[in-house]
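Dear colleague,

Please find below the structure that I am handing over to you. My notes on what was found in it follow directly after.

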Amino acid sequence: FYFRPRMTFFARAKHTFLAVPDDGKIATESFLDASSEVVPFFDALGSTAFSPVKSDINGNIKKLRKKFETDKERYSTLQSMVESEISEGTTQAKNSATDALLWLKRALQFIRVFLREFLAGEEDLAKCAKTAYEASLKQFHGWIVRGIFSLAVRAVPYRKDFIKTLLQEAEGGEERVLEDTKAFLETFGQNVDAIVEFYKASGQESDKTV
């Protein structure tokens, strides 16, 4: 894991989300690299209760990377991986890329909504987490998983402590954190939106619960 010195959490990552091109196709390798660097965000929320979420994200990234590495040219974009499984009728197969990206998308949506609420000035991060969960993952979780999340949501840090964690070794205080987070959220949001639209258009969105 690579860090640039004296930068905030979202500014110091070696791999960042790239702007989505006009055709909406997202390059697989750069997306997975950037997604891997976002996982420690859940450490910034300060609760071991988020460990299952981190594990799930890492597992889905691993599945997608494994598929990608079988034919990097054929699966150069996320869409090409899913489209190949649609044509082969394997979207519902165990460990399919389609299912892995579906759940990764939902986890990234959680992060996106959380950060959006945070940037809007919400002081209570538990409210940010609750809003994010309801907008991304809750409807796909059964009562046991919802229970795990409710514990995690209540354990998030105070806003001032969260800002301190994101600030890392950088200078500039809250203003610097908000500026860098906003810049990250712009291209990150583009990627999430493109995947959401693709899943809707290709009919791969699912309402199954776990």
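Which backbone oxygen lies 2.7 Å from a polar atom of the side chain of Gln 79? The backbone oxygen belongs to Gly 24. Please bear in mind throughout that this is a predicted model. Gln 79 has its place in helix α4, which covers residues 78–88. With a relative accessible area of 5%, Gln 79 is buried, because buried means under 20%. Apart from neighbours within four places in sequence, Gln 79 is in contact with Gly 24, Lys 25, Ile 26 and Phe 198.

Asp 180 is located in helix α9 (residues 173–201). Its relative accessibility is 14%, so Asp 180 counts as buried. The side chain of Asp 180 is joined to the side chain of Thr 8 by a polar contact of 2.6 Å. When neighbours within four places in sequence are left aside, the residues in contact with Asp 180 are Thr 8, Phe 10 and Ala 11.

For Phe 110, residues up to four places away in sequence are not counted in what follows. On that basis, Phe 110 touches Phe 42, Leu 45, Phe 50, Ala 129, Ala 132, Tyr 133, Ser 136, Leu 137 and Phe 149.

Trp 143, Ile 144 and Ile 148 make a nonpolar surface patch of about 390 Å². Of these, Ile 148 belongs to helix α7 (residues 143–154). Ile 148 is partly exposed, at a relative accessible area of 36%.

The charged side chains deserve a section of their own. Side chains of opposite charge can pair when their charged atoms come close. How many salt bridges does the count come to? The count comes to 14 salt bridges. Several of them are described here.

In one of these, the side chains of Arg 65 and Asp 33 meet at 3.1 Å, N to O. Arg 65 is in helix α3 (residues 51–70) and Asp 33 is in helix α1 (residues 28–38), so this pair ties together parts that lie 32 residues apart in sequence. The two partners fall into separate classes of accessibility: Arg 65 is partly exposed, with a relative accessible area of 22%, whereas Asp 33 is buried, with 18%.

Another salt bridge is formed by the side chains of Glu 88 and Arg 74, at 2.9 Å, N to O. Glu 88 lies in helix α4, while Arg 74 lies in the loop between α3 and α4, so parts 14 residues apart in sequence are tied together by this pair. Glu 88 counts as partly exposed at 40% relative accessibility, and Arg 74 is partly exposed with a relative accessible area of 42%.

The side chains of Glu 134 and Lys 130 also meet in a salt bridge, at 2.9 Å, N to O. These two residues are separated by about one helical turn, because they are four residues apart in helix α6 (residues 125–136). Glu 134 counts as partly exposed at 40% relative accessibility. Lys 130 is partly exposed, with a relative accessible area of 47%.

Finally, I would draw your attention to Lys 138, in the loop between α6 and α7. At 29% relative accessibility, Lys 138 counts as partly exposed. Which residues are in contact with Lys 138, leaving aside its neighbours within four places in sequence? They are Tyr 133 and Arg 146. Tyr 133 is also among the residues that Phe 110 touches. The C-alpha atom of Lys 138 is separated by 9.1 Å from that of Thr 209, although the two residues are 71 residues apart along the chain.

With kind regards

Technical notes: Residues numbered from 1 in each chain as written. Predicted model: local features only at pLDDT ≥ 70, side-chain atom pairs only at ≥ 80, totals over all residues. Heavy atoms only, no water. Buried < 20%, exposed > 50% of the residue type's maximum accessible area, 1.4 Å probe, protein only. Polar contact = N/O pair within 3.5 Å; in protein donor to acceptor, adjacent residues only side chain to side chain. Contact = heavy atoms within 4.5 Å. Patch = residues over 30% accessible without salt bridge, like charges linked within 9 Å, V, L, I, M, F, W, Y side chains within 5 Å. Areas by Shrake-Rupley, 256 points an atom, 1.4 Å probe, with all protein chains shown as cover. Salt bridge = Lys/Arg side-chain N within 4 Å of Asp/Glu carboxyl O.
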